[in-house]
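Have a look at the structure first.

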Amino acid sequence: MVTALEVDPVPRAEVYGGGLFFAAERAAEVLHAWRAWTAGGLPVEMNSSVALLRAPDAPWVPAPLRGRLTAHVRVAFTGGAERGAELVRPLRGLGPALIDTVRTRPYTAIAGVHDDPTEPMPYDERSAMLAALDGAAVDALVGAAGPGRRVPFAMVEVRHLGGALAREPEVPNAVGHRGAAYSLSVLTPAAPADGGAGAAAAEELLARMAPWATGLAFLDFLGGPEAGRSARPAYTPEDLARLRRIRAVHDPGRLFQGDHG
């Protein structure tokens with residue numbers, strides 16, 4: 001059981017990053033371009049994701065995004081602004097974005113890359129790790145969650161992995177998805193009145209993407225009332241058994257609660 005944690009911070013004063021928002025009708029084009037871009041040998045200093053984002057019709061949402069679906073490409077590069085702008089050029093080359101917030105920013109403003117709401121909200125989140133993301137996978141994703149689809153999702157996001165995550169640690173740990181190339185997460189506002197329809201729709205989407213999945217989930221993206229019961233796929237069977245043995249030795253009376261069972 002972890003009772004202390006030491007962290008060595010990495011000196012980082014600024015980052016080149018932000019978001020490019022594109023209209024919904026360009027979702028397939030943007031996702032295919034981003035997929036090819038991430039497959040082209042990016043340096044490990046470049047982190048990125050793309051989300052099909054359904055913004056609410058609310059006054060705090062920027063007017064070009066209000067009440068509509070957009071394809072939101074997010075980037076964060078720690079290798080300098082000049083090199084970052086060069087790497088992002090193919091994405092900007094897709095044409096005018098509804099909003100472009102990619103710029104040099106202080107690291108204290110890193111949250112502006114995703115620009116998520118800061119107010120709490122009830123939600124259900126599910127995830128899958130993807131071994132690959134080819135053209136057919138992009139078509140399946142857009143067909144299930146893109147324009148023209150009446151789905152309850154607030155966001156469907158694909159993150160490019162690799163880099164430090166892919167390196168095996170010196171000391172073994174319970175991260176069992178280091179070989180995954182991408183992660184997929186589905187976030188649905190929790191609405192008890194829908195009778196579980198949102199969660200069911202998320203499971204249907206994940207099932208549609210199963211041909212490209214590793215069989216594991218991303219523990220960071222399991223949230224909501226069902227999170228505890230759905231956490232088992234976040235671990236390999238070997239890691240789960242080891243964690244249970246550790247728990248039986250160090251916390252047989254289950255003093256520490258609030259975990260994933």
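Helices (H or I, at least four residues) and strands (E, at least two) are taken as DSSP runs and numbered from the N terminus. Keep in mind that this is a predicted model, where local features need pLDDT of at least 70 and side-chain atom pairs count only at pLDDT 80 or more, while totals for chains, interfaces and linings use all residues. Residues are numbered from 1 along each chain as its sequence is written, and side-chain values use heavy atoms, with hydrogens and water left out.

Let's start with the backbone. Asp115 sits in the loop between strand 5 (103–106) and strand 6 (123–130), and its phi is near 55 degrees, a positive value in a residue other than glycine. Arg254, in the segment after helix 5 (237–250), also has a positive phi, near 55 degrees. For accessibility, buried means under 20% relative accessible area, exposed over 50%, and partly exposed in between (1.4 Å probe, protein chains only). Asp115 is exposed at 55%, and Arg254 is partly exposed at 36%.

Now the rings. Rings of Phe, Tyr and Trp (its six-membered ring) pair if their centres lie within 6.5 Å; planes under 30 degrees apart are stacked, over 60 edge-to-face, and the rest tilted. That rule gives two aromatic pairs:

| Pair | Centre to centre | Angle between planes | Type |
|---|---|---|---|
| Trp34 and Tyr182 | 5.7 Å | 65 degrees | edge-to-face |
| Phe218 and Phe221 | 5.0 Å | 70 degrees | edge-to-face |

Trp34 belongs to helix 1 (residues 27–38) and Tyr182 to strand 8 (residues 182–189), so this pair ties together parts that are 148 residues apart in sequence. Trp34 is buried at 0%, as is Tyr182 at 6%. Phe218 is buried at 13% and Phe221 at 11%.

A nonpolar core is a set of buried Ala, Val, Leu, Ile, Met, Phe, Trp, Tyr and Cys residues joined through side-chain atoms within 4.5 Å. The largest one has 46 residues, and Val73 and Phe153 have the most contacts inside it. Helix 3 (residues 135–145) supplies the largest share, seven residues. With contact meaning heavy atoms within 4.5 Å, Val73 touches residues including Leu20, Phe22, Val30 and Trp34, leaving aside those up to four places away in sequence.

Finally, the axes of helix 1 and helix 3 come within 10 Å and cross at roughly 150 degrees (axes are lines fitted to C-alpha atoms, for helices over the stretch in contact, with angles from 0 to 180 degrees between N-to-C directions). The contact involves Ala28, Leu31, His32 and Arg35 of helix 1 and Gly135, Val138, Asp139 and Val142 of helix 3.
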